[in-house]
Amino acid sequence: MINGSILKSKILNISLICAFFLAFGAFTAKASEPEKKAEKFDAGKTAMEHITDKHEWHFLGEKVVVPLPIILYTDKGLEFFSSEKFNPEGNIYKGKYYNYSLEHDKVKVVDAEGKVDEAATKKVWDFSITQNVAGMWLSGLVLLFVFLSASAAYKKRAGKAPKGLQSFVEPVILFIRDDVALPNIGVKYERFMPLLLTVFFFILINNFFGMIPFFPGGYNLTGNIAVTFTLAFIIFLVINLNGNKYYWKHIFSPNPWWLFPIMIPVEIVGIFSKPIALMIRLFANMLAGHIVIISLISLIFIFNTIWIAPVSVGFALFIDVIEVLVVFLQAYVFTILSALFIGMAVQEHHDEAHQEVI
Amino acid sequence: MDLVSPNPGLIFWTAITFLILLFILKKYAWKPILKAVNDRENSIESALLRAEAVREEMSRLTSENESLLKQARAERDTILAEATKVKNQIIADAKEAAQKEGARQLEIARIEINNQKAIAMADVKNQVAALSLDIAEKVLRKQFEDQKKQDELVRDLLKDVKLS
């Protein structure tokens, strides 16, 4: 049918884009290969390097690297310098208060000979603008640009049909409103719409940028536990600060009374397990996608032959297409579960809330 | 273990970034957009309701018009019928009146004619009488010019008279 062919051509387009990115990623990875020729290729190490945060922005693999500011909060005061100071690898930078060196992309306090001083390192808090932070700011700017211009368009074309950017964002916003917020939260949904929309689009755009192997992507923000922890913690606060008497009654006075000793601890665990589930789900899903793709690409270097590349790229392409789905799905799942948990906390009727959990 | 130990720096920046983003987007994007969408939905709904009401009003007006038209037609028919009746009545009345008047006129004319005839007859009679007398006088005068004739006549007359 016509629909089927359109769908197919769309899938083909997406696949082509992904294939392009992948080929590019593979190429850049290959370009950096000769330096490490001497040591045996370690796929695990490569994967870890790709998914962990860095103090420099890898615009194009390891070829084009932009240094980022390092901000350290030490027991003696703030340190502020560029990550360039750590180049070449293993270089020791003499700061105002300590000597620093970068070890596995972690800032360590070292003495003059380069020996790591773990006790002093514990006192140093790393508030650097890392690749993740810089990427997050870039994605934030993109979000601001998209939605502020959409908002301006709404003001300019008040009462008219959406057009251009508006018609791009409106279905998604309406989807969040009508299919996520309204059925899960109920009549009080309007208060939580800004939070849900921001969470959804923040996760979505960062998931997407994470899928791009070079600038403006190349970072792994939503697959970082610190980020998912922060988002989940915000949701945790919103749930519990908005919890009404039915919510707390449900937790602290189970029915019948003799279940008190079992149910109260269970319910208290439940308070925390909800946001923790949110945190781990998003983190693990995004991280797994990144690891699978980098592992498939690593096959080329494990076998050390170009002939395995078609297989690698084919499989990686397959996973990448699935990841495009996962990108949407995880943003959606995080948002709908947040809405569900908020809805359970603000719903007026105890029984209904209970039914929705089942 | 690195993977699952959150980095406080990243938590800090994420929290700050997310909250700023939430604040700005809430104030300048979500609220206006949701408001605009709501307004538009409401206006569309009210427009639809209004259209429905107008349609009902239209159908009501149409049926009213139709009934008015029917009524008007019926009225026209009755008026026409009445007018025809009145016309016929008038014609009949006029005919009757004309007939009566004609009859009256005829009667008068007849009476007049009779009168005139009577007068004329009387006149003619008089004239005939006068003429006859005249003629008779003239004849008599002629006849009785000589004595002999007079005597003859007297004789004749006397002959006729029989003395009883």
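Is B:Glu52 buried, partly exposed or exposed? I looked up the relative accessibility of B:Glu52 and noted 37%, which places the residue in the partly exposed class. The classes I use are buried for under 20% relative accessible area, exposed for over 50%, and partly exposed in between (1.4 Å probe, protein chains only).

**Entry: basis**

I worked on a predicted model, in which local features need pLDDT of at least 70, side-chain atom pairs count only at pLDDT 80 or more, and totals for chains, interfaces and linings use all residues. Residues are numbered from 1 along each chain as its sequence is written, chains are lettered from A and ligands numbered from 1 in the order in which they are written, and side-chain values use heavy atoms, with hydrogens and water left out.

**Entry: salt bridges**

I took a salt bridge to be a side-chain nitrogen of Lys or Arg within 4 Å of a carboxyl oxygen of Asp or Glu. Over all chains, I found 13 salt bridges in the structure.

I then examined B:Glu52 again and found its side chain in a salt bridge with that of B:Arg55, at 3.2 Å from N to O. The two residues are three apart in helix H1 of chain B, so about one helical turn separates them. B:Arg55 is exposed, at a relative accessible area of 53%.

I next recorded the salt bridge between the side chains of B:Asp77 and B:Arg76, at 3.3 Å from N to O. Both are partly exposed: B:Asp77 has a relative accessible area of 41%, and B:Arg76 has 47%.

I also looked up B:Glu41 and A:Arg177, whose side chains form a salt bridge of 2.8 Å, N to O. This pair joins two chains, because B:Glu41 lies in helix H1 (residues 8–143) of chain B and A:Arg177 in helix H5 (residues 165–185) of chain A. B:Glu41 is partly exposed at 32% relative accessibility, whereas A:Arg177 is buried at 6%.

**Entry: sheet in chain A**

For secondary structure I used DSSP runs numbered from the N terminus: helices (H or I) of at least four residues and strands (E) of at least two. Two strands pair if DSSP finds at least two bridges between them.

I traced an open sheet of three strands in chain A, in the order S4-S3-S8 with antiparallel pairing. Its edge strands, each pairing on one side only, are S4 (78–82) and S8 (125–126) of chain A. Strand S3 (residues 69–73) of chain A pairs with S4(A) in the antiparallel sense over five bridges. I noted that A:Tyr73 has A:Leu78 as its bridge partner in S4(A).
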